[in-house]
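Here is a briefing on the structure shown below.

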Protein chains: 2
Amino acid sequence: MARDERATPRTGPDDVVRAIGESARSALAIVKASVRELSGVGCSAPGPLDHLLGIVHEAPNMPGFVDFPLGPGLADALGLKAIYLDRDTVMAAVGEAVAGAARGARDFIYITISTGIGGAIVSGGRLLRGAANTAGEVGHFPVAFEGPRCGCGSYGCVESLAAGRFIAEAFGVDDAAVVFAAAEANDPRAQSIIARAEKALGNLAVGLANAISPALIVVGGSIAEHEPGHTLEPMRGAIAARAFKVAAAAVRIVPAALGRDVGMLGAVIYARERLAGRDEWFR
Amino acid sequence: MARDERATPRTGPDDVVRAIGESARSALAIVKASVRELSGVGCSAPGPLDHLLGIVHEAPNMPGFVDFPLGPGLADALGLKAIYLDRDTVMAAVGEAVAGAARGARDFIYITISTGIGGAIVSGGRLLRGAANTAGEVGHFPVAFEGPRCGCGSYGCVESLAAGRFIAEAFGVDDAAVVFAAAEANDPRAQSIIARAEKALGNLAVGLANAISPALIVVGGSIAEHEPGHTLEPMRGAIAARAFKVAAAAVRIVPAALGRDVGMLGAVIYARERLAGRDEWFR
C-alpha cells in the first residue's frame with residue numbers, strides 16, 4: 001500500500017483533477033507500479049453527486065464544484081476508464097459493511113463527524129439513494145430553529161451546529177480541538193458551543209432511531225474519533241432518554257472500525273466490490 | 001361499502017378490541033354480510049408495532065396499549081385468522097401507492113398531519129421497516145431544541161410542535177381549528193403557535209428532502225386537508241429555500257389522493273394486496 005496526501009487546491013476543479021492525477025501517479029511510483037496495471041480507481045467525493053455519471057453537483061466546501069464531471073475528468077487525467085466515483089460517506093459505509101463495524105448488519109447508518117457531517121443509510125440490506133442520490137446526507141437535517149448559516153445555505157443543520165468547522169468558527173478559531181480544550185478548562189463560551197453541538201447530535205440520533213430504526217449507527221470522522229465523550233456518548237444518551245423504547249432497544253452506536261483511513265479504505269473496497277460485481281446492494 | 005364509526009374507548013385495550021369487533025359486525029350487517037364471508041381484515045393501528053405478530057408496542061395516545069396483541073385479540077373477537085395489522089401510516093402509504101397520489105413512485109414519503117404526525121418511507125421501491133419497524137415515524141424526528149413534552153416522552157418532535165393536538169393545547173383549546181381561525185383574525189399568540197408549527201414542518205421537509213430524497217411527499221391528515229396553506233405550502237417553501245438544489249428539484253409535495261378516508265381505504269387495499277401476495281415491497 002502506498003499513500004500520497006496533498007492539500008486540496010482552492011483554485012478550481014481543473015486544478016483539483018490535476019492534483020489528484022499527480023498524487024495517484026506519485027503513490028503508484030512508491031510501489032513501482034503504473035496506471036496501466038490498475039483494474040480500477042475509487043474516488044471519494046463530497047456533496048450531492050451522480051455516482052453513475054461521475055458528476056459532483058454541489059460541494060459547498062470546494063470552490064467551483066458545481067455540476068462538475070470529476071469522474072470523466074479523472075478518467076482523462078489517468079487514461080483509465082474504470083473510475084468509480086461516489087460520495088465519501090457511501091464509500092465509508094460500504095467499507096464498514098464489507099470489512100468494518102457494520103459487517104452483517106442489514107439496517108445501519110454510517111455517520112461521519114469531521115470538518116462537516118455526512119452519512120449513508122442502509123435499510124433492509126440496501127443503500128438508500130433517493131430520487132436525487134442525496135439520501136444519507138443526515139448532516140443537513142435541520143434539528144434546530146436557529147443557528148449559523150450552513151455551508152449548504154440553510155440553517156439549523158446538524159452540520160452547522162456540530163461539525164468541526166462550525167464549532168471552531170463559533171469560537172473564532174481555526175481548529176475545533178481548541179474549543180474542546182477550552183471547554184475542558186471550563187471556558188463557559190466554549191462549553192455552550194459544545195453543549196449546543198451535543199444537543200444537535202442528540203436530536204439527530206433520536207430522529208434517526210425513530211424514523212429509520214437502524215440496528216447500528218457507525219460513527220466515524222476526526223471529531224468523533226477524538227471526542228467520543230462529546231459525540232457518541234450524547235447520541236447514546238439522547239436515544240436512551242428520548243427515542244421510542246423499541247427503537248432504542250434495537251440500536252447500538254459504535255465507532256467506525258476502519259478508523260481515520262475509512263475514506264481511503266472505503267474507496268478501495270468500493271472499487272473492488274464494483275469490479276467484482278458485488279455492488280447490487282449499493283448501486 | 002359500509003361504514004361504522006365509534007369513539008375509541010378510553011377504558012383499556014380489551015374494550016377497544018370489543019368495540020372494534022362490534023363495529024365490524026355492525027358494518028357487515030349494513031351490507032347483509034357476515035364475518036364468515038370475509039377473506040381478510042385490515043386493521044390500522046397507531047404507534048410502534050410488530051406487523052407480523054400483530055402486537056402494538058406503544059400507542060401514547062391510547063391508554064393501556066403497551067405490547068398489546070391487538071391482532072390476535074381481533075382474530076379471537078371476529079373468529080377469523082387473516083387479520084392484517086399494520087401502522088396506520090403504512091396502510092395509507094400502501095393505499096396511496098396502489099390507488100392514490102404515489103402510483104408509480106419508487107421514492108416517496110407519506111406524511112399525515114392530523115391529531116398526531118406520522119409517516120412511512122418508500123425508497124428504491126421498498127417500504128423501510130428498520131430494525132424495530134418504526135421506520136417512517138417522521139413525526140418524532142426532533143427539529144427544535146425546545147418545546148412542549150411530546151406524547152412519546154421526548155421534546156422537539158415535529159408532532160409536539162405541529163400536530164393538531166399540540167397546536168390546540170398550546171392555545172389552551174380542544175380543537176386546532178380554533179387556533180387557525182384565531183391566527184387568521186390576527187391573534188398574535190395563535191399566529192406565533194402556527195408560525196412555530198410551520199417552522200417545524202419546514203425543518204422536517206428540508207431534512208427529508210436532503211437525507212431521504214423522495215421524488216414525492218404525499219401529505220394527508222385532517223390538518224393538512226383543511227390547512228394546506230399552513231402545511232404543504234410552508235413545506236414547499238422551506239425545501240425551495242433551504243434544501244440541496246438537486247434534492248429540491250427532484251421532489252414534489254402533493255396532497256393525499258385518498259382524502260380523509262385514506263386510513264380506512266388504505267387498510268382495505270393493504271389487506272387485499274397481502275391476500276393477493278403483492279406485498280413483497282412492503283412486507
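**Strand 7 of chain B and its neighbours**

In this predicted model, a hairpin with three connecting residues links strand 6 of chain B to strand 7 of chain B. Strands (E, at least two residues) and helices (H or I, at least four) are DSSP runs, numbered from the N terminus. Local features need pLDDT of at least 70, side-chain atom pairs count only at pLDDT 80 or more, and totals for chains, interfaces and linings use all residues. Residues are numbered from 1 along each chain as its sequence is written, while chains are lettered from A and ligands numbered from 1 in the order in which they are written.

- Strand 6 (residues 108–113) of chain B pairs with strand 7 of chain B in the antiparallel sense, over six bridges. Strands pair if DSSP finds at least two bridges between them.
- B:Y110 has B:A120 in strand 7 of chain B as its bridge partner.
- Strand 8 (residues 126–127) of chain B runs antiparallel to strand 7 of chain B, joined by two bridges.
- B:S123 has B:R126 in strand 8 of chain B as its bridge partner.
- Strands 7 and 8 of chain B form a hairpin with two residues between them. In that turn, B:G124 has a positive phi of about 60 degrees.

**Burial and core**

- Is strand 7 (residues 117–123) of chain B mostly covered or mostly open? It is mostly covered: seven of its seven residues are buried.
- A residue is buried if 20 or more other C-beta atoms lie within 10 Å of its own, exposed if 12 or fewer, and partly exposed in between; C-beta atoms are placed from the backbone.
- Both faces of strand 7 of chain B are covered. B:I117, B:G119, B:I121 and B:S123 are buried on one side, and B:G118, B:A120 and B:V122 on the other.
- The largest nonpolar core has 198 residues. Such a core is a set of buried Ala, Val, Leu, Ile, Met, Phe, Trp, Tyr and Cys residues joined through C-beta atoms within 7 Å.
- A:V158, A:I217, B:V158 and B:I217 have the most contacts inside this core.
- A:I217 touches A:F108, A:I109, A:I111, A:A205, A:L208, A:V251 and A:I253, not counting residues up to four places away in sequence. Contact requires C-beta atoms, placed from the backbone, within 7 Å.

**A sheet in chain A**

- Three strands of chain A form an open sheet in the order 2-3-4, with antiparallel pairing.
- Its edge strands are strand 2 (49–50) and strand 4 (66–68) of chain A, and each pairs on one side only.
- Two bridges hold strand 3 (residues 55–58) of chain A against strand 4 of chain A. A:V56 stands opposite A:F68.

**Domains of chain A**

- Chain A is divided into domain 1 (13–88 + 261–275) and domain 2 (101–256). The bounds come from an automatic or database domain assignment.
- The C-alpha centres of the two domains lie 26 Å apart.
- Eight residues of domain 1 of chain A are in contact with nine of domain 2 of chain A.

**How chains A and B meet**

- 45 residues of chain A are in contact with 45 residues of chain B.
- Strand 3, helix 7 (188–211) and helix 10 (245–250) of chain A each give two or more residues to this side of chain A. Helix 7 of chain A gives the largest share, six residues.
- 100% of the interface residues of chain A are also interface residues in chain B, so the copies meet through the same surface.

Definitions and conventions. Contact = placed C-beta atoms within 7 Å.
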